[in-house]
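Grab a pencil and work through these exercises one at a time. Try each task before you peek at the solution.

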Amino acid sequence: MKEKLIAIIEKYNHMTEKLTDPEIYNNQKKLTQLTKAHRSLTEIVSVGKKYIYILNQISDDKEILKSDEDDLKEIAQEEINELEEKQIKLEKKLKILLLPKDPNDDKNLILEIRAGTGGEEAALFAADLYRIYMRYAERNGWVFKVMNSNDTGIGGMKEVIISMKGEKAYGMLKYESGVHRVQRVPKTETSGRVHTSAATVAVLPEAEDIDVEINSTDLKIDTYRASGAGGQHVNKTESAIRITHLPTGLVVTCQDESSQHKNRAAALKVLKSRLLASEQEKVAAERAQERKTLVSTGDRSAKIRTYNFPQGRVTDHRINFTTYRLNEILDGDIKEIIEQLKISEQQEMLASQMI
């Protein structure tokens, strides 16, 4: 591990020098890429330097043990015991830091929420999920924007698509893809029976132009008048956009922007992100055949979480994690769940490396 860390530190130092190169500042694209790569190594380098220093100290103390000076040998042995404890802790941390990174973790994201089984109650639950993620984005200082929505008129949502921009946005929310289930007494239920409804969440890394190339001849673009629930936001011009990707049959609609040009750009962004996610899901499915994973399977049809209102309980079925902080979670405080999922995935990756 020491040799690997030395190589990483040398690479990091080389990047630091390049960041002072005037030519880099004249190329914004290269500067952005280099800054991201440099920042991604900062923690590894910091921990790695501490680790190497401790290894060198242990080595020096062991040389003292070979001497004839008993007093110094006793002090050296005590120091070795302390340093070796620190070494073990740093090794554990470094093993996690050195795990392969998902190249999409630093990307912005497209979040899609759709009501599933359960009629109006499912639409109301989809609206609850929308509020959870909006509050989570606010807590993290992210910028978000609704790109398309289909409200039911009584507070529910059949569908909503949101773009989110923020540091490591996709890496934080990627675990949310899948079927979310709610168990509660619907507002429309008079007998007080608990119903089960569901909504699906898809978290897509926002595709950049270099990620996905689309041939204009593969697109069928239609325009229509934007409209909202109950006659809201009626638009006299055909500003809404529907784009069909002919090779795959994917259809994206956007109407929440003020102009046809903006809706077209938003729809293309969603389409590219869906195509990128589709390719990644194929890769994830192939990997799953080799090694079964509980967290990142890429399967959006899997039931991942249940929100039980009568018991105030939220359970993530992938890692058998249960918390009774339902109200806090409904307010967007999902940090604990995300951290547990990250830890579980890291443990799976570490275990696979030991096989």
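Two strands pair if DSSP finds at least two bridges between them. Helices (H or I, at least four residues) and strands (E, at least two) are DSSP runs, numbered from the N terminus. What you see is a predicted model, where local features need pLDDT of at least 70, side-chain atom pairs count only at pLDDT 80 or more, and totals for chains, interfaces and linings use all residues. Residues are numbered from 1 along each chain as its sequence is written, and side-chain values use heavy atoms, with hydrogens and water left out.

**Exercise 1.** Find out how many bridges join strand S4 to S5, and which way the two run.

*Solution.* Start with S4, residues 178-184: seven bridges join this strand to S5, and the two run antiparallel. Next, pick out a facing pair: glycine 178 sits opposite valine 201 in S5. Now turn to S1 (residues 109-115), which is also antiparallel to S5 and joined to it by seven bridges. Here leucine 109 faces proline 205 of S5.

**Exercise 2.** Decide how many residues of strand S5 are buried.

*Solution.* First, the cut-offs: buried means under 20% relative accessible area, exposed over 50%, and partly exposed in between (1.4 Å probe, protein chains only). Then count along S5, residues 195-205: eight of its 11 residues are buried, which leaves the strand mostly covered.

**Exercise 3.** Work out where lysine 168 and asparagine 320 lie, then sort each as exposed or partly exposed.

*Solution.* Take lysine 168 to begin with. Its phi is positive, about 55°, although it is not a glycine. You'll find lysine 168 in the loop between strand S3 (157-165) and helix H6 (169-173). Its relative accessible area is 41%, so lysine 168 is partly exposed.

Now do asparagine 320. Its phi is near 55°, again a positive value in a residue other than glycine. Asparagine 320 lies in the loop between strand S10 (313-316) and strand S11 (321-323). With a relative accessible area of 67%, asparagine 320 is exposed.
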